[in-house]
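Visitor: I would like to go through this model in questions and answers. Please define each term once as it comes up.

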Amino acid sequence: MELKTFRKGIVAALVVLAAMMPAQTAAYSFKEGGIYYNVDGTQATVTYNSSSGNSYSGSVAIPETVTHGANTYRVTAIDNHAFSHSSGLTDVTIPNTIVSIGNHAFVSCTSLSNIVIPNSVQTLGRCAFHGCSALESAVIGNNVKIIDEYAFQYCYNLTKVVLGSSVDSLAIKAFFDCYKLVDVTCLATTPPGMYASYSFDDAVYHGATLSVLGSAMEAYQQHKYWKNFHRIKSLTLAEQLTLDKALITLHGGESQQLTAKVLPADASHSLKWSSEDENVATVNAEGLVSAIGSGQTVITATTTDGSNLSATCLVRVLSNGVQDNNVLTLPATFTVEKGKSYILPIGMTNKNAITAVQCDINLPEGIELAADDNGYLIDMADNRASASHGLYARLVAPRVVRVVISSPQSEVFTGNNGDLMLLHLDVNGEMEDGDYNVTLTNVILADAAGVTYFAPDVATIVTVKSYATGDANGDGTVNVGDYVAVANYILQMNPEPFIFSAADVDENGIIDVGDLVGVANIVLGDFVTPSAAPHHDDGTVTLTGESANNGEQQVVVTLNLDNEVDLTALQMNLALPEGLTLAQASLSSRAMHHSLAVNEQNDGKVRLLASSVANDLVTGHEGALLTLVLEGTASADAAVTISDVVLAEADMTTHAVNPFSISVGNSAVKEVNSDVRIYALGTDIIVETPVDTTVELIAPNGMVRVFKAKAGINTYPAERGICIVRAAGSVAKISVM
């Protein structure tokens, strides 16, 4: 008997130790609303940040579904260790879609004050709430069958617990060391099994009141272990819960009382109140709702007697008058050339999930909203609107077009910032030069619940001018400033102002090095009239690359240009593999009169632009043109991709080169002689020799080590950097990445 007791103590100690240990590293698929998720098919599991196990704090409301990108997932589980050691977690709302709560899920959440486990939960893992020292009440839903080992051990302040109707087993020390338990309710009609009497402390058996259904009183009073409770009483469960309001509309700073009604009258009236979004409205323990910020949320009241009844109220919070959290936007200025067509973007910045928008577009005389047989030409931005959104536009007054975008399914627009729609505008060729206003008025946005947000009017100043070809910056002359503007546009440096139609010198609808050459020609007084300058992909120009390791985590990439025609300018995009950055880029002597500009693009690629303001030609027709120095550590199969290559002749004729890749990994084998091979593999140096030999390894810091190498493959750990290896009378210089 003493040996058995000793073994129990050892097991308990090991379990307690495991419960207090930090969670193991776990990857997560994405993060939404401050919660980490893993996904499997259409289902999501709540998990934690891979860098630590204490990922959460404050009040956390787990949603029933979560949308990430284009996909919506049903949230069905709380992972092992998901909230473990989140000492700042004060409250968590578990939705009725969760079916399992993993082992150690909330271990040592030392600020968590109460927990309601809904009826959907079937599995409650071992040590699930172990060490939640501030926990005062726990309600366990009606589908949990087993309260697993140590589930609530060391919840020192736990005073009330409700066990659902399906509980049939309490494992060892499920509620051990919960000395303050005074109210235990068990809704199972058949008393659950226990691990001897170790599910509760003796102090609980003596001091707590056990409440059970009247029909089960005798069974509990006669049970071998449950009869240890000195006080057992009959319980009346709540059968109905209602709120006096289904909808509350508040303005900022207002409060309103919600009143709950519980039937039958002698059932427990103890409730838990929660808000789905406390940034919109909060609710206190008595049901008083207070407005915090504009939007909508759901207030939920839940019974805590084990009946797990709930009732909800939708709360809308409106700002007083016009608000600025949900607005439409226009560019501050918009410069156009008379007689041309343009696309004017209308953006939307929204804090709330918006499903519908309306506004009136006010146009000045001379600027028309383009139309065809199907109506006005207004495009919805693909990345904001859903497939179910439709756009409707009609003339409601002279030069005023009303636009409405809505979804029959009340689908929301994607994201919180960006273009919403694109207006096709025609500028009359007879307009006077000057500034004109395009204004959006009567702007109203609505969410899926019908809450409306009245946004302020917004306007853009449309500057109408006549521009000479090449006047890219719109200052009335063509000079080196326009050359710089076009170069900056190619580099995606967003020059302002920028007159696209004037910069499109070769009139092909694209701004590239062909137009840059055209502006240079105009500045030089040698303008070549475009006939939509030709564009070739005929192989008369080829670009190839090679790489070499330069030591100290550097790779040198050389780009070689073979050109049957004379070229003056070049642009390209550079996509670098993970782990490498561009440290230096330089032109060879073939382009000694050219300048090289480098800029990172919005998509993470690097754009390079080589040009000459005097349209000097690249010397010769073959050989190295560009050298790139890359720094960092890359995988053995890493490669640099060269794409979007455009080269221009002095007459604006352009040539394209197909995308290609250049290997920059550290996997090359060093052939020392016909018998011995030396190469790097990860952080090791490999020596392959057909006979026994001596290997001398000189580390980057100069330290020399000598090894005996056996015939075959020999592996030696090495420091990162350039190592010198001598073997079989030969020397190899190896870069260890």
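Predicted model: local features only at pLDDT ≥ 70, side-chain atom pairs only at ≥ 80, totals over all residues.

Guide: Residues are numbered from 1 along each chain as its sequence is written, and side-chain values use heavy atoms, with hydrogens and water left out.

Visitor: How many helices and strands does the protein chain have?
Guide: Helices (H or I, at least four residues) and strands (E, at least two) are DSSP runs, numbered from the N terminus. On that basis the protein chain has six helices and 60 strands.

Visitor: Is the protein chain compact or spread out, and what is its radius of gyration?
Guide: The radius is taken over C-alpha atoms, and the globule rule is 2.2 Å times the number of residues to the power 0.38. For 737 residues the rule gives 27 Å, and the chain is well over that, so it is more spread out than a compact globule. The C-alpha atoms fill a box of roughly 105 × 95 × 35 Å along the principal axes. The radius of gyration is 36 Å.

Visitor: What share of the residues in the protein chain is buried?
Guide: Buried means under 20% relative accessible area, exposed over 50%, and partly exposed in between (1.4 Å probe, protein chains only). Of the 737 residues, the buried share is 47%.

Visitor: Which strands pair with β50?
Guide: Two strands pair if DSSP finds at least two bridges between them. Strand β50 (residues 639-648) has seven of its ten residues buried. Its antiparallel pairing with β45 (residues 569-575) has six bridges, with Thr641 as the bridge partner of Ala575.

Visitor: Which residue in the hairpin of β50 and β51 takes a positive phi?
Guide: Within this strand pair, Leu647 has His655 of β51 as its bridge partner. The hairpin has five residues between the strands, and the positive phi, near 80°, belongs to Met652.

Visitor: Is His81 buried or exposed?
Guide: His81 sits in the loop between β6 (71-78) and β7 (88-93) and has a positive phi near 65°. With a relative accessible area of 16%, His81 is buried.

Visitor: Which residues is Phe200 in contact with?
Guide: Contact means heavy atoms within 4.5 Å. Phe200 is in the loop between β16 (193-194) and α2 (202-207), and at 1% relative accessibility Phe200 counts as buried. Leaving aside neighbours within four places in sequence, its contacts are Leu170, Phe175, Phe176, Leu181, Val184, Met194, Tyr205, Trp226 and Phe229.
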